[in-house]
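Please walk through this structure with me, from its strands to its helices. I would like to know what pairs with what, and which parts pack together.

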Amino acid sequence: MSKGVLEINDCGLRVFDGNNEVLESPGVAIINTREILTGTGALMRARSHPTQVNHQFWRRLSLESVKSDNPGCRHHADLAFCHLQHIAELCDLPDEVVLAVPGNFTREQLALLLGVIKESPFNAVSLIDSAAACISSCAPRGVHLHIDLHRHQTLVSRVVVHEQAELDIAETVTDAGLQHFQEAWARIFTDAFIMQCRFDPLHSAEAEQQLYDMLPQWIAKAMRQGEVMAELDDRTAKVSLRQLQDASTPILSRVRAMIENLGEANSVVFVSHRWAEIPGGAQLAERIHLLPHNAVAQSAEKRWQEIHSDSGNLRLITSMSAAPATEVAVQVNAAAEAGATHLLYGHRALAAQQPLFVSWQEGKLNVTPTPPSHPAATITNHAGRLALRVDAGAQLMLNGEEISAPVNLTAGDRIGAANFDDVITAISVEHYGA
């Protein structure tokens, strides 16, 4: 009998079979008199059909009426059901699934979700809090935070870890969701096209849709190379990573304020994999750990017997056994007294005000201010902090240990690679005098 997880997050509902993600479907619907379209197909028409789009139905899951002439769409719960039906048509569902839900769902929403699930093809055998599940597998003893990105908000959950990992409180940061980041980035690219090409992508719905469709690719490329040449309708505009970071800063600042409000001195901030795709997301906090994309599935698999329910009456599980203290080995970017300002390589010290790039050239490790054809990592400066992001497939070491997530650099950190004697050292350059 196959076991899996259905994660409820409107950035993308995700289906796992064991630890393997088999499908992700964004919480977006297009509604007209003939059909209800959900998921990726709806997202790819959302900007060209703005009057027909609904991307609130998971966040506002309820029996609240939705203005629509389609008889299959009376309220938000109908749209949630249509979305689940669509997902079930796209993949082979596990025989049993655990529902992983955000901590800000109300009791009424949870009850409605279970009712909708019961009518869908999903066979739910448990209902768990996503944050408590993710942290239970990897957190040391103490009070920690889990930060997840949703379409319209960021959810900050505080979890207390002793023998059990238990959800304490979940708070939302409004106007700090994926959609708000995308709108901020879209303005940067739009301004760049207008200034550099005299072309306004927002002038037509079709061009606007193309711009939003391309955003993920452009953002990813800018984060790898420090800049991106965006192409749209045979026009090209250059946007730098720093511009995108600056556009993200107001949103990130609101999230950081909530982190500071809920966290404690020794709290580790566990961030979902979605933050790795946000410029500046790796600098949300000083003591930060980036979770793998399948963190909730890994946790559910380890605790299957603990959380599995044989009865049809599911209750929300917000407390589950924590990993033994002796088995916890979480990589944390700890704060240091001196923040890095430059990278020292050989006899050169490069100021990191703009992105720097680590690569292999002629059998040697190298760092340059210009993007190489195949960068191994990118170092960026955001709000005075240097962050190291390793490219997919590259294997770099930080202070002798392999890097598995974006890290903040502090003075004294050494970047290297297996079988290479050369190292790049992060240093702090102090200025004296008037």
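Two strands pair if DSSP finds at least two bridges between them. Helices (H or I, at least four residues) and strands (E, at least two residues) are DSSP runs, numbered from the N terminus. The model is predicted, so to speak of local features takes a pLDDT of at least 70, side-chain atom pairs count only at pLDDT 80 or more, and totals for chains, interfaces and linings use all residues. Residues are numbered from 1 along each chain as its sequence is written, and side-chain values use heavy atoms, with hydrogens and water left out.

Start with the sheet of six strands. It is open, its pairing is antiparallel, and its order is E19-E18-E28-E27-E24-E25. Strand E19 (348-351) and strand E25 (401-402) are at the edges. Each has a single partner strand, so one side of each is left without a neighbour in the sheet. Inside this order, strand E27 (residues 414-416) pairs with strand E28 (residues 424-427) in the antiparallel sense, over two bridges. Arginine 414 stands opposite threonine 425 in E28.

Now turn to a hairpin. Strand E2 (residues 13-17) and strand E3 (residues 20-25) pair in the antiparallel sense over five bridges. Valine 15 has leucine 23 in E3 as its bridge partner. Two residues lie between E2 and E3 in this hairpin. In the turn, glycine 18 has a positive phi of about 65°.

Another open sheet has three strands, in the order E5-E4-E6, with antiparallel pairing. Its edge strands are E5 (36-38) and E6 (53-54), and each pairs on one side only. Strand E4 (residues 29-31) pairs with E6 over two bridges, in the antiparallel sense. There, isoleucine 30 stands opposite valine 53 in E6. Helix H2 (residues 76-90) packs on the sheet and touches E4, E5 and E6. Contact here means heavy atoms within 4.5 Å. The direction of H2 makes about 65° with that of E5. Axes are lines fitted to C-alpha atoms, for helices over the stretch in contact, and angles run from 0 to 180 degrees between N-to-C directions.

H2 also packs against helix H3 (residues 107-119). The angle is about 40°, and the axes are 10 Å apart. H2 and H3 are therefore oblique to each other; angles under 35 degrees count as roughly parallel, over 145 as roughly antiparallel, 65 to 115 as roughly perpendicular and the rest as oblique. Ala77, Ala80, Phe81 and Leu84 in H2 meet Leu112, Val116, Ile117 and Glu119 in H3. By class, this contact of H2 with H3 has seven nonpolar residues, no polar and one charged. Ala, Val, Leu, Ile, Met, Phe, Trp, Tyr, Cys and Pro count as nonpolar, Asp, Glu, Lys and Arg as charged, and the others, Gly among them, as polar.

Next come helix H5 (residues 178-197) and helix H7 (residues 241-262). Their axes come within 9 Å and cross at roughly 145°. From H5, the contact uses His180, Phe181, Ala184, Trp185, Ile188 and Phe189. From H7, it uses Gln243, Leu244, Ala247, Ser248, Ile251 and Leu252. Nine of these residues are nonpolar, three are polar and none is charged.

Last, the salt bridges. The structure holds 12, each a side-chain nitrogen of Lys or Arg within 4 Å of a carboxyl oxygen of Asp or Glu. In one, the side chains of glutamate 183 and arginine 47 meet at 4.0 Å, N to O. Glutamate 183 lies in H5 and arginine 47 in the loop between helix H1 (40-43) and E6, so the pair ties together parts that are 136 residues apart in sequence.
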